Amino acid sequence: MIAHILATLLPVFLIAGSGALYGRFRTPNIKSLNTLNMELFVPLLVFAVLADRQAPLADYAWLAFGAAAVVLGSGLVLWPLVAWLKLDIKTFLPPMMFNNTGNMGVPLLVLAFGEAALPAAVVVFIVEMMLHFSVGLYMINPRTSMWHILRMPIVAASVAGLLVNMSGAALPGWLLEAMHMLGGVSIPLMLFALGVRLLEVDLSDWRTGLLGALLCPLSGLLIALPLMWLLPLEPLQLAVLLIFSALPPAVLNYLVAEQFKLAPQKVASLVLIGNLGSLIVMPLTLAATFAWVYAPL
């Protein structure tokens, strides 16, 4: 089990570390890479997985519900505590709700459980992204336009993929293969970009960062654990939901805070320390998952 955990985590942190090392000595235009990834590679991956009839989406409905419950439930659970501690809700709460499913979650789930986990990983990623670009943006700015959300490539690709899957239409194998190949670029690129991005933040508000590093996985697991008994999920989907609930804050929280000028330094500390904390949280979560939910082959 220890060997499997190391085999799962080491590639994730080695690729992210490569990004950090490269970014330390060079100045890559990571914004352009992220734009390319989010506007082309990730949407192609999402569309290809959703449109592939070999992954019937009806089988993932309860997993999607569970992922949404984890995201929204984390916010509801922490809201009274954040108010009691007199923390800024717009600054602190979104990073606790919207986790690093893209940069860390999808690669981690595929490494841990193989290609069979890719559809489930994409489903939880889509749920998290949809909620982040709807509920999350509304929390920060209630004037966010729905038309702006629907125009985003990741949202358009999700809708198109869902329509193709539900219609029963069979896309040519060569087309799906090309999309899978291009979409496959997104996974290592996400990790590489994560490493570069983490160099841009500092630890000036480390106390808030430590609090977030504890509360983010704790609140997610608090919601996910009862759902594991309440929802009719197969072992692989249970494992995906458990790992998903313990992921650290998404780097996107920092970018959004920077865009809306919502104390980006504090959000940066939440993101950086939360992701560093995953060095402890994720091995423990993987060990529990392999021991009690999904035994590795």
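**Exercise 1. Determine the handedness of the crossing of α11 and α12, and describe the packing of the two helices.**

*Step 1.* The crossing of α11 and α12 is right-handed, a term for a near helix turned clockwise from the far one by less than a right angle, anticlockwise being left-handed. Helices are DSSP runs (H or I, at least four residues) numbered from the N terminus. The model is predicted: local features need pLDDT of at least 70 and side-chain atom pairs count only at pLDDT 80 or more, whereas totals for chains, interfaces and linings use all residues. Residues are numbered from 1 along each chain as its sequence is written, and side-chain values use heavy atoms, with hydrogens and water left out.

*Step 2.* An angle of about 155 degrees separates α11 from helix α12 (residues 235–245), and their axes lie 7 Å apart. Axes are lines fitted to C-alpha atoms, for helices over the stretch in contact, and angles run from 0 to 180 degrees between N-to-C directions.

*Step 3.* α11 is therefore roughly antiparallel to α12 (angles under 35 degrees count as roughly parallel, over 145 as roughly antiparallel, 65 to 115 as roughly perpendicular and the rest as oblique).

*Step 4.* On the α11 side, the contact (heavy atoms within 4.5 Å) involves C216, P217, G220, L221, A224, L225, L227 and M228, which meet L238, L241, L242 and S245 in α12. By class, these residues are 10 nonpolar, 2 polar and no charged (Ala, Val, Leu, Ile, Met, Phe, Trp, Tyr, Cys and Pro count as nonpolar, Asp, Glu, Lys and Arg as charged, and the others, Gly among them, as polar).

**Exercise 2. Describe how α2 packs against α9.**

*Step 1.* Helix α2 (residues 30–51) and helix α9 (residues 173–184) pack at about 135 degrees, with axes 8 Å apart. The angle makes α2 oblique to α9.

*Step 2.* The crossing of α2 and α9 is left-handed.

*Step 3.* α2 contributes F41, L44, L45, F47, A48 and V49 to the contact, and α9 contributes L176, M179, H180, L182 and G183. The contact of α2 with α9 has 9 nonpolar, 2 polar and no charged residues.

**Exercise 3. Identify which helix supplies the largest share of the lining of the largest cavity.**

*Step 1.* K90, T91, P94, P95, I140, N253, V256, A257, L262 and V267 line the largest cavity. On a 1 Å grid over the protein atoms alone, a cavity is a set of points where a 1.4 Å probe fits but cannot get out, and lining residues have an atom within 4 Å of a point.

*Step 2.* α4 (89–97) and α13 (252–260) each supply at least two lining residues. The largest share, 4 residues, comes from α4.

Notes. On a 1 Å grid over the protein atoms alone, a cavity is a set of points where a 1.4 Å probe fits but cannot get out, and a pocket is an open set with protein on both sides within 12 Å along at least five of seven lines; lining residues have an atom within 4 Å of a point.
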